[in-house]
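Trainee: I would like to learn how to read a structure feature by feature. Can we go through one together?

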Amino acid sequence: MNRSSAQLLEWEELKGLIGRYIGGPLGRAELDALEPSVDRESIAAVLAETAEAMDFAREHGRPPLGGLDDISESVARLRIQGAGLDAEQIALLTAFLERATETRTQISAQSARFPLLAVRGTRIADFRPLLREVSGKIL
């Protein structure tokens, strides 16, 4: 999108407004990477999903994703064969997985009312088996 269109849309101001509702560094990174689009079809799809998310939040509260730490480095470290995490990193990763699982469960329970969010919710893995395995192993 050319500069004048971004200015007309007050793109940076809009991102600043949206940023007030982001509760963690991962969401902030997604917002920072967001760029305006000229593809009407994708804009319509995003707006429909956004409207559904707003309705979900009004009816059921915001998903419990705010305040999570950025676990990207820990996840990257786990991809290295033989690498491990310290207790604090494991605790942060566990908290992240618990909240992701809770969010998945909340969205899944309302899939008939919020079908667009349900599709997104299916992209969140079921971490319950992993969480059961790690539960109680951190002192």
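Trainee: Which residues does Leu131 touch, not counting residues up to four places away in sequence?

Mentor: This is a predicted model, so read each contact as part of a prediction. Leu131 touches Thr94, Leu97, Glu98 and Thr101, with residues up to four places away in sequence not counted.

Trainee: Which residues make up the largest nonpolar core?

Mentor: The general idea comes first. In soluble globular proteins, nonpolar side chains tend to be buried together. Here the largest nonpolar core has 5 residues: Ile71, Leu85, Leu93, Leu97 and Leu131. Leu97 is also among the residues that Leu131 touches.

Trainee: What is the pattern of the chain, read along the sequence?

Mentor: The pattern is α-α-α-α-α-α-α-α. That is 8 helices and 0 strands.

Trainee: How many aromatic pairs does a search of the whole structure find?

Mentor: The search finds 1 aromatic pair. The rings belong to Phe56 and Phe114; their centres are 5.2 Å apart and their planes stand at 75°, so the pair is edge-to-face. Phe56 lies in helix H4 (residues 40-60), and Phe114 in the loop between helix H6 (87-109) and helix H7 (115-122), so the pair ties together parts that are 58 residues apart in sequence.

Trainee: Are Phe56 and Phe114 buried or exposed?

Mentor: Phe56 has 3% relative accessibility and counts as buried. Phe114, at 1%, counts as buried too. The cut-off for buried is under 20% relative accessible area.

Trainee: How many salt bridges does a search of the whole structure find?

Mentor: Again, the general idea first. Side chains of opposite charge can pair when their charged atoms come close. The search finds 4 salt bridges in this structure. One of them joins the side chains of Glu49 and Arg120, at 2.4 Å from N to O. This pair links distant parts of the chain, with Glu49 in helix H4 and Arg120 in helix H7, 71 residues apart. Glu49 counts as buried at 19% relative accessibility, whereas Arg120 counts as partly exposed at 42%.

Trainee: What separates Arg58 and Asp55 in helix H4?

Mentor: Arg58 and Asp55 are 3 residues apart in helix H4, which means about one helical turn between them. Their side chains meet in a salt bridge of 2.9 Å, N to O. Arg58 is exposed, with a relative accessible area of 60%, and Asp55 is partly exposed, with 28%.

Trainee: Which side chain does that of Arg128 meet in a salt bridge?

Mentor: The partner is the side chain of Asp126, with 2.6 Å from N to O. Arg128 is partly exposed, with a relative accessible area of 42%. Asp126 is partly exposed as well, at 32%.

Trainee: Where does Lys15 lie, and which side chain of opposite charge is nearest to Lys15?

Mentor: Lys15 lies in helix H2 (residues 11-19). The nearest side chain of opposite charge is that of Glu12, 4.3 Å away. A salt bridge needs a nitrogen to oxygen distance within 4 Å. Lys15 is buried yet has no salt bridge. Not counting residues up to four places away in sequence, Lys15 touches Leu31, Asp32 and Leu34.

Trainee: Where is Leu26 found, and which residues does Leu26 touch?

Mentor: Leu26 is found in helix H3. With residues up to four places away in sequence left out, Leu26 touches Asp70, Ser72 and Phe96. Leu26 has a relative accessible area of 30% and is partly exposed. Between Leu26 and Glu12 there are 14 residues in sequence and 19 Å in space, C-alpha to C-alpha.

Trainee: How far apart are Ala29 and Asp70 in sequence and in space?

Mentor: Ala29 and Asp70 are 41 residues apart in sequence and 9.9 Å apart in space, C-alpha to C-alpha. Ala29 has its place in helix H3 (residues 25-33), and at 43% relative accessibility Ala29 counts as partly exposed.

Notes: Residues are numbered from 1 along each chain as its sequence is written. This is a predicted model: local features need pLDDT of at least 70, side-chain atom pairs count only at pLDDT 80 or more; totals for chains, interfaces and linings use all residues. Side-chain values use heavy atoms; hydrogens and water are left out. A nonpolar core is a set of buried Ala, Val, Leu, Ile, Met, Phe, Trp, Tyr and Cys residues joined through side-chain atoms within 4.5 Å. Buried means under 20% relative accessible area, exposed over 50%, partly exposed in between (1.4 Å probe, protein chains only). Contact means heavy atoms within 4.5 Å. Rings of Phe, Tyr and Trp (its six-membered ring) pair if their centres lie within 6.5 Å; planes under 30 degrees apart count as stacked, over 60 as edge-to-face and the rest as tilted. Helices (H or I, at least four residues) and strands (E, at least two) are DSSP runs, numbered from the N terminus. Lys and Arg count as positive and Asp and Glu as negative; His and the chain ends are not counted.
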